[in-house]
Amino acid sequence: MIKTVSIVGAGPGDPELLTLKAKKRIGEAEAVVYDRLIPKEILDIIPPAAEKFFAGKACKEHIMAQAEINDLLVALAKRGLKVVRLKGGDPLIFGRGGEEAEHLAQHGIPFEIVPGISSATGCTAYWHIPLTHRDLASGVRYITGHSKEGKLDLDWQNLADPDTTLVVYMGLANVALIAEKLMEHGLPADFPIAAIQDGTTKQSKIVISTLAKAGQDIESAKLESPTLIIIGRVVALYGLLNP
Ligand SMILES: C[S@@+](CC[C@H](N)C(=O)[O-])C[C@H]1O[C@@H](n2cnc3c(N)ncnc32)[C@H](O)[C@@H]1O
């Protein structure tokens, strides 16, 4: 009998940010397909008898192609195993969980999606930066800063909105370009920006800068992946909220 596949968000790094439902599903799994950003403490919840598959998935490190992951999920489910697809953050925010769900649906495999805390909310809570604020940001936008074939084709005119906080996933390599484009489209050179590495964990680092200096400041801090970029007036609260 085919069992429901669980596409589970593991949160952004701190194992205590795992939901109770996610923990239960992982603890009951018979096969787990997991990504690179899952911390060891969460992998330790997987029952020893479960089959484990590492799917990779850093920006440049695709151990398994997406099509292979999709097929693996279907094959494991067809063997009657209780499958957990474990993904960093939230599965549906730049996690390709939607594509995996589509593939399962096309093959008639029942699935559920267990949401996780995304790095946007996890990283900003960790460093006490609100994403919205009545006086500083009336909205928030999540975008990817990952370029396809060296090109970053985004709607800069729309994104250069001082009233909206911009959260850039996978944007570390292109931070100077992103800052330049936003300034070209009207944001001031002293507009605040933060780069947060390993948010929610003890080894997390943060760089606070301005659009004009971001490229240089973030490069000299030698930040590494995973790093999330936050651009918005709310970043100016960092000093007050981290006394
Ligand atoms: C493929 S996306 C996955 C996003 C994930 N689904 C989520 O909801 O957070 C990977 C990107 O998420 C961001 N990210 C994930 N975890 C992070 C963390 N702990 N600290 C900083 N950025 C993180 C980085 O921008 C990284 O390049």
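A salt bridge is a side-chain nitrogen of Lys or Arg within 4 Å of a carboxyl oxygen of Asp or Glu. Keep that in mind, please. What you see above is a predicted model.

Let me start with Glu100. Its side chain meets that of Lys87 in a salt bridge, with 3.0 Å from N to O. Glu100 belongs to helix H4 and Lys87 to strand E4, so this pair ties together parts that are 13 residues apart in sequence. Are these two buried or exposed? Both Glu100 and Lys87 are buried.

Glu100 also forms a salt bridge with Arg85, again at 3.0 Å, N to O. Arg85 sits in strand E4 (residues 83–87) and Glu100 in helix H4 (residues 97–106), so here the parts tied together are 15 residues apart in sequence. Arg85 is buried as well. The whole structure has 10 salt bridges.

Now the ligand. How many residues surround it? There are 18, and Pro12, Ile93, Ser118, Ser119 and Thr227 are the closest. By class, this shell has 10 nonpolar, 6 polar and 2 charged residues. Domain 1 (5–114) and domain 2 (119–241) each supply at least three residues to the shell.

A backbone N or O atom of Ile93 is 2.7 Å from a ligand nitrogen, and a polar backbone atom of Asp90 is 2.9 Å from a nitrogen of the ligand. On Met170, a polar backbone atom lies 2.9 Å from a ligand oxygen. Alone, the ligand would expose 560 Å², and the protein buries 90% of that.

Technical notes:
Residues numbered from 1 in each chain as written. Predicted model: local features only at pLDDT ≥ 70, side-chain atom pairs only at ≥ 80, totals over all residues. Heavy atoms only, no water. Near = heavy atom within 4 Å. Polar contact = N/O pair within 3.5 Å; in protein donor to acceptor, adjacent residues only side chain to side chain. Areas by Shrake-Rupley, 256 points an atom, 1.4 Å probe, with all protein chains shown as cover. Nonpolar A, V, L, I, M, F, W, Y, C, P; charged D, E, K, R; others polar. Domains from an automatic or database assignment. Helix = DSSP H or I, 4+ residues; strand = E, 2+ residues; numbered from the N terminus. Buried < 20%, exposed > 50% of the residue type's maximum accessible area, 1.4 Å probe, protein only.
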